[in-house]
Amino acid sequence: MATDQNKFQAIISHCKEYGFIFPSSEIYDGLSAVYDYGQYGAELKKNVRDYWWRSMTQMHDNIVGIDAAIFMHPTVWKASGHVDNFSDPMIDNKDSKKRYRVDHLIEGYADTLPEAEKDAVIAAMENYLKENDYAGLKAFIEEKKIACAVSGTVNWTDIRQFNLMFSTEFGAVAAENEGDNKVYLRPETAQGIFVNFLNVQKTGRMKIPFGIAQVGKAFRNEIVARQFVFRMREFEQMEMQFFIRPGTQQEWYAYWKEERMKWHKSLGLKPEHLQFHDHAKLAHYADAAVDIEYNFPIGFKEVEGIHSRTDFDLSQHQKFSGKKLQYFDPEINQNYVPYVIETSIGLDRCCFMVLSEAYEEQEVGTAEKPDTRVVLKFPPKLAPIKLAVFPLTKKDGLPEIAKHLIAECKKNFYCYYEEKDSIGKRYRRQDAIGTPFCVTVDHQTIEDGTVTVRHRDSMEQERIPLTAVKEMVMKAMMD
Ligand code: ATP
């Protein structure tokens with residue numbers, strides 16, 4: 001698969017240099033697979049989140065949004081199957097009795113190898129993990145003679161599962177009843193929707209088909225975690241569960257598949273950068289599942305999953321809680337446990353997708369004066385800052401006019417004022433954070449009330465009336 005490691009690294013550096021995404025706790029050397037969003041990253045993420053939220057709730061009469069807690073009753077995760085099935089492989093050394101995460105063990109060994117061999121070992125490991133081939137992976141560890149750091153031996157147990165859920169204790173912990181207080185940090189937001197199905201259906205007088213949407217943090221103690229915000233241990237999901245009459249799942253699955261693909265295209269992504277990937281191996285409860293994949297610099301990878309989940313989740317919660325989770329359908333005069341179509345997308349992955357699509361390094365100089373610019377071509381609706389306003393000089397009343405324009409606009413969208421350095425340098429700084437419009441106020445503005453607008457992508461400049469700026473930006477944000 002064609003990948004572009006240089007572009008991947010360039011995006012990571014750019015995100016750090018320009019205040020989009022920083023490693024968490026960086027002054028302490030970071031925390032693996034955890035990231036913080038900086039001033040522009042937080043705006044970008046908020047814009048993506050809001051756009052998703054609006055397109056689900058505001059744009060669909062029959063979808064409402066909720067905000068459930070991260071902590072849930074521990075039985076929720078038994079009912080959902082996460083306690084038993086949500087796990088990653090571990091291995092123990094029989095001599096030292098030390099336990100390792102298999103990926104850590106192999107990565108530690110790979111780090112001692114030359115670059116090319118290291119990559120091959122990591123690729124082989126990822127392949128075994130993907131195939132769930134633990135016997136093969138153990139044989140690989142033995143074949144490479146990967147030894148325990150404590151005993152120095154290759155005397156390993158079989159590989160066993162390790163649960164990906166983070167757990168913590170609730171309230172004061174008494175040593176004697178340890179375990180009773182155990183709660184999990186949710187590994188997905190979906191269960192908060194299922195347990196509230198009846199609350200929302202009854203209080204909102206919702207009629208099937210209807211959906212419940214939610215955005216929120218999820219936590220997974222991921223085993224392979226070296227892919228920037230693509231795979232994090234703390235991340236955000238945007239999920240929607242669509243409750244339907246049993247037997248109609250095929251038609252709704254097809255509907256949501258198309259609807260979600262349309263949404264991705266509306267982010268300005270090139271159609272050839274998106275593809276469907278049908279799941280070859282279905283989870284036991286699913287009767288259809290597809291991923292929407294994006295062509296990241298690290299290859300085509302999942303951004304969103306669309307799953308036809310049957311009545312598995314509600315039935316399980318009915319069983320474990322002892323409460324009826326049914327719907328009376330007046331049209332067919334029947335009670336049933338609704339079926340569910342789920343759309344589940346990672347907000348961080350989505351931001352990384354938008355960043356990957358937007359990032360461009362361009363040669364913009366001449367033969368005599370070579371020059372490059374880095375530009376983030378965000379769609380205006382997602383750009384952190386929509387409009388930058390520059391007075392040409394710091395005197396003659398130009399800053400006042402510029403600041404007045406900002407005061408006019410900032411109630412409607414995020415603006416940026418800058419008077420330092422040449423106009424060219426100011427353009428470059430805005431290009432690097434993806435601001436679609438820069439406006440310069442000069443002496444002609446005083447004479448005829450016009451300003452220069454410079455368009456980010458084409459770098460074209462035009463003069464327009466000062467009074468037309470706000471509307472131009474608002475119009476571009478609607479696309
Ligand atoms: P993957 O196969 O990549 O681990 P998944 O199939 O486990 O993903 P789901 O459980 O279907 O993912 O979660 C839905 C969405 O949540 C994914 O499509 C992805 O966008 C996002 N997501 C899942 N795990 C992570 C993670 N560790 N970091 C960032 N986003 C994630």
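**Entry 1: terms and model**

I take buried to mean under 20% relative accessible area, exposed to mean over 50%, and partly exposed to mean anything in between, with a 1.4 Å probe and protein chains only. I note that the model is predicted, that local features need pLDDT of at least 70, that side-chain atom pairs count only at pLDDT 80 or more, and that totals for chains, interfaces and linings use all residues. Residues are numbered from 1 along each chain as its sequence is written, and side-chain values use heavy atoms, with hydrogens and water left out.

**Entry 2: two exposed loop residues**

I looked up Asn333, which counts as exposed because its relative accessibility is 58%. Asn333 sits in the loop between strand S14 (327–329) and strand S15 (334–336). I take helices (H or I, at least four residues) and strands (E, at least two) as DSSP runs numbered from the N terminus. The phi angle of Asn333 is near 55 degrees, a positive value in a residue other than glycine.

I then turned to Asp29, in the loop between strand S1 (21–23) and strand S2 (35–37). Its relative accessibility is 74%, so Asp29 counts as exposed. Phi of Asp29 is positive as well, near 75 degrees.

**Entry 3: the whole chain**

I recorded 16 helices and 23 strands in the protein chain. Of its 479 residues, 50% count as buried. The C-alpha trace spans about 80 × 70 × 50 Å along its principal axes. The accessible surface of the protein chain is about 23500 Å², and 50% of that belongs to carbon and sulfur atoms. Such areas come from the Shrake-Rupley method with a 1.4 Å probe; for residues, only the protein chains shown count as cover. A contact here means heavy atoms within 4.5 Å. Among contacts in the chain with a separation of 6 or more, 65% come from residues 24 or more positions apart.

**Entry 4: the annotated positions**

Which residues does UniProt list for "binding site"? The unreviewed entry lists Arg101, Glu188, Phe235, Glu236, Gln237, Met238, Glu239, Glu342, Thr343, Ser344, Ile345 and Gly346. These positions spread over 246 residues of sequence and are also spread in space, up to 31.4 Å between C-alpha atoms. I keep in mind that UniProt positions are given in the numbering used here, that feature names are shortened, and that annotations may be inferred rather than shown by experiment.

I examined Glu188, in the loop between strand S8 (182–184) and helix H8 (190–194). Glu188 is buried, because its relative accessible area is 9%. Not counting residues up to four places away in sequence, Glu188 touches Trp77, His82, Ala218, Arg220, Gln237 and Glu239. A polar contact of 2.8 Å joins the side chains of Glu188 and Gln191. By polar contact I mean a pair of N or O atoms within 3.5 Å; within protein, one must be able to donate a hydrogen and the other to accept it, and residues adjacent in sequence count only if both atoms are side-chain atoms.

Ile345 belongs to strand S16 (residues 339–346). I find Ile345 at 1% relative accessibility, so it counts as buried. Leaving aside neighbours within four places in sequence, its contacts include Trp52, Trp263 and Cys350.

**Entry 5: around the ligand**

A backbone N or O atom of Gly346 lies 2.9 Å from an oxygen atom of the ligand. Taken alone the ligand exposes 590 Å², and the protein buries 81% of that.

**Entry 6: a buried glutamine and a cis bond**

Gln214 is part of strand S9 (residues 210–219). At 0% relative accessibility, I count Gln214 as buried. A polar side-chain atom of Gln214 lies 2.6 Å from the backbone nitrogen of Ala68, and one lies 3.0 Å from the backbone oxygen of Thr189.

Where does Pro209 lie? I found Pro209 in the loop between helix H9 (197–203) and S9. A cis peptide bond joins Ile208 and Pro209, with omega about 10 degrees.
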